[in-house]
Amino acid sequence: HKCLSELADPIFFLTRTLIVFWHFTIIHVVSSLVTPIANYYCLAFKLIISISYILSNLVENFPLHKSKIFELGRIQSNNLKDKSLKSITDEYLTPGMSKLRIFNHFCLIIIPENDEASSLAAFLILSFLFSPIKTKRKRRKTAWKPSKIEMKDGFITHIKSHTELQDTVTRRKEKYAQLGTTLQPLIIIVGPNCNNISLYFVLVDDTYYVLNSILSSVNCCFKIIHALNIQYPVESLPIWSFIQKGFYKIFIKSVSLGHGHFTICHPDYDFFEYTCSENDCNRTFHLINSFKKHLATHKHYNPCSKVKSPSVASGDNCSTSVNNNCSSSTLNLCSNNGIETSYTPFEKDTRGNNCYIQEDYVCSFLSKLYSNPQVPRNVVQTIVDMSLIFDGINHTLRSSVSKFLLDSNISNECFDHFNSILEVVKDPFNDLNTEYKRFKYYTKLGTYILPQEYVIGEQLNENRQNNDFALIPVNCTQQFIPIRHVFYNFFKMKNVLSETLLYLNKCKLYNSALMNFTQGSVWRKKQKDHESQIVLPIFLFFDDYKVGNPLGSHSGIHKLDRQKCGNNIIFKPVIDELNFLRETGIDIDIDNFNGNIKFELGLIIGDNLGIHSISGFVESFSATHVCRMCKIEKKEMKKQCYADDNLLRNLEQYHLDVIEGNVSDSGVKEACVWYDVLSFSVLDQVGVDIMHDLLEGVCKYDLSFLLLYYIQDLKLFSLQVLNERLLCFDYGPDKGSKPCILHIEHLKKKYSKTFCIKNDVAYTIFRDETVWELYILLRKILDLLTSPLLQKECCVLLQTLVSEHHDLYIKFSKFKLKPKYH
């Protein structure tokens, strides 16, 4: 009879079937996993097994408490100022469909005569018996506290008609999106009142499960939440917690894998920091939710070995295993304070006792200060010199422990041992108390690469002393960081070299599609010089950079006039380094690779003015020949929409232009300094930059024209409406470059943050407007240029789109084309 009843319940039968299959899956998976993960999955499996055998308790326990729920609901309706509970009671407990029952102290309780209606009414009344829990909103400091009605709707959503279903679900998803979460499994009932419910749904994502009663709906929803290991809905969390503990007798938290591990396996420890050790990631998080999202980016992870506690020191005999399920091979060593001691400590001998302090904690702290651009180096030294704080802490601890010694609560041996530990931690920065020591330590560790100083000339500095004026010659120097050391440290990182070589081999398999520079004819020609040697391309990027605060009193003291020293002197260290990487390369010895890697200069890219200045072309864009790729005249460039291959520069003509030195006729000012790099070609390896030429160039000019046209000429919308759309638009991953409020002056000056603003403007314009075709062509061009993979035929398509785009821009704007359009 029991078996037949189980088979009659499809949800219960499905659960039992899944458990059987899961059991065999766990046995197979556990045999191939490391011990902590295996133990955790075993623990989870036992938990699900235990849940499956008591899931039937809802049917047995709920009817026993139904009358008590109605009694509490009646009392609560009299206490609440809000009449929502009373109105719900009046609606669902309709006169004529109910009967009076007498309970303790002769209280008259109205209970629906229909058993299904009484169960539904009891579940709905539960929402008014608990206090709501505050939930923090997404990107806001204020918290959201749901009302009683919102708690009820988050638990059981009642709609009158089936036509309201889709709109109700859509509004709820939008609401959860504003809270920064997603829609959890939800119970939806359809009918005019609780006595006439026609449909019961359990919504999971976009799937609707049809049930036959409210008990089966709650039972199904509860099973889904625990089987999928997901969270309860935020507003109905107290209700589901009560059902879990009151009806199912399950006294554990409904948590996800990462949080569940810390809650179940480490319940006594307060972790203040979570460090990811997957694939030597070593990123740290202070919030467990951020840590969980990061762990999701790793395909397989073990939550055991990624936590730290506030403590940084431990005694010799005070380390124990946090949990027997966490193996020492992965978790390394957990002290009784829950700290991870997988770092290599340095040992100090004080008073005959071996006391350990984590040097890595101090070094990591100082390195984070140095890597923060908002923290000057003198501030780091000030923090290191603040030893008075540690002296005060030591004095307080010694005084407290001395009182215990006087009261005979501790032994002299323990007191001496404790004092020896305090001596070690008294000055944690003792070995790194100067910047010289710190830089020396980081250099020896290999995490800091010392820059090399080169003298590139002299300059006369003014010197005034005792009313005497003098000009003193001083050396002009520049700093250079050897790229070979950077590459060596980079490719020694785990999986970096293997992933790089795997990607390059993948590119070779694509013959008809372009996805990387190494597939082009320029790189293939260079690769022939190295035969079977591993060679990687280098892109050299040039742009202005100012050290120091440009608005402070020291602005300009590090500025160097490149024209006075010349490109040959300035870039000589870079050229020598590139030649060394090409001819000698670097030797890499790691687990899966032992050999030599060489590097070739692939492209030189940057803004047009910078590229012209370092490659010997004219630096004035009002000259006759301003293009470094062809010899078109500027007056023709302003109206050229189609490329003319006959005007392209060639090497023979370029060398003649260098010899002649006629800048006005050729646009070549001097020989390119980069010809000192072996196998370099200025016409093939001086490229263009999409950010300067397109995003901060063509897009800027196009959108400025379009916005002014639609705002001032056609008056389709106002600038205020546009600014409101900019503020409310969801920029997703581009939220860091969110544009500011626009003014007409901004548009006339050609607004620059166009890569974000272009996504918002498209929702405002009428799509059938003729001028809007200019924007459509711009989007097509941008989509092609930012695509990770292109077919070779797309080059012809791109040339056609660019020509059509230029035609429309000249036609509608009445402006001439600027050099960046060329």
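Helices (H or I, at least four residues) and strands (E, at least two) are DSSP runs, numbered from the N terminus. The model is predicted: local features need pLDDT of at least 70, side-chain atom pairs count only at pLDDT 80 or more, and totals for chains, interfaces and linings use all residues. Residues are numbered from 1 along each chain as its sequence is written, and side-chain values use heavy atoms, without hydrogens or water.

**Exercise 1.** State where Lys-816 is placed and classify its exposure.

*Solution.*
1. Lys-816 is in the segment after α35 (794–813).
2. Buried means under 20% relative accessible area, exposed over 50%, and partly exposed in between (1.4 Å probe, protein chains only).
3. Lys-816 has a relative accessible area of 57% and is therefore exposed.

**Exercise 2.** Locate the partners of the salt bridge between Lys-631 and Asp-657 and classify the exposure of Lys-631 and Asp-657.

*Solution.*
1. A salt bridge is a side-chain nitrogen of Lys or Arg within 4 Å of a carboxyl oxygen of Asp or Glu; here the N to O value is 3.5 Å.
2. Lys-631 is in the loop between α25 and α26 (634–637), whereas Asp-657 is in helix α27 (residues 651–660), 26 residues apart.
3. Lys-631, at 23%, is partly exposed, while Asp-657, at 3% relative accessibility, is buried.

**Exercise 3.** Determine which parts of the chain are tied together by Glu-150 and Lys-175.

*Solution.*
1. The closest N and O atoms of this salt bridge are 3.5 Å apart.
2. Glu-150 lies in helix α7 (residues 148–155) and Lys-175 in helix α8 (residues 165–178), so the pair joins parts 25 residues apart in sequence.
3. Glu-150 is partly exposed at 24% relative accessibility, and Lys-175 is partly exposed at 23%.
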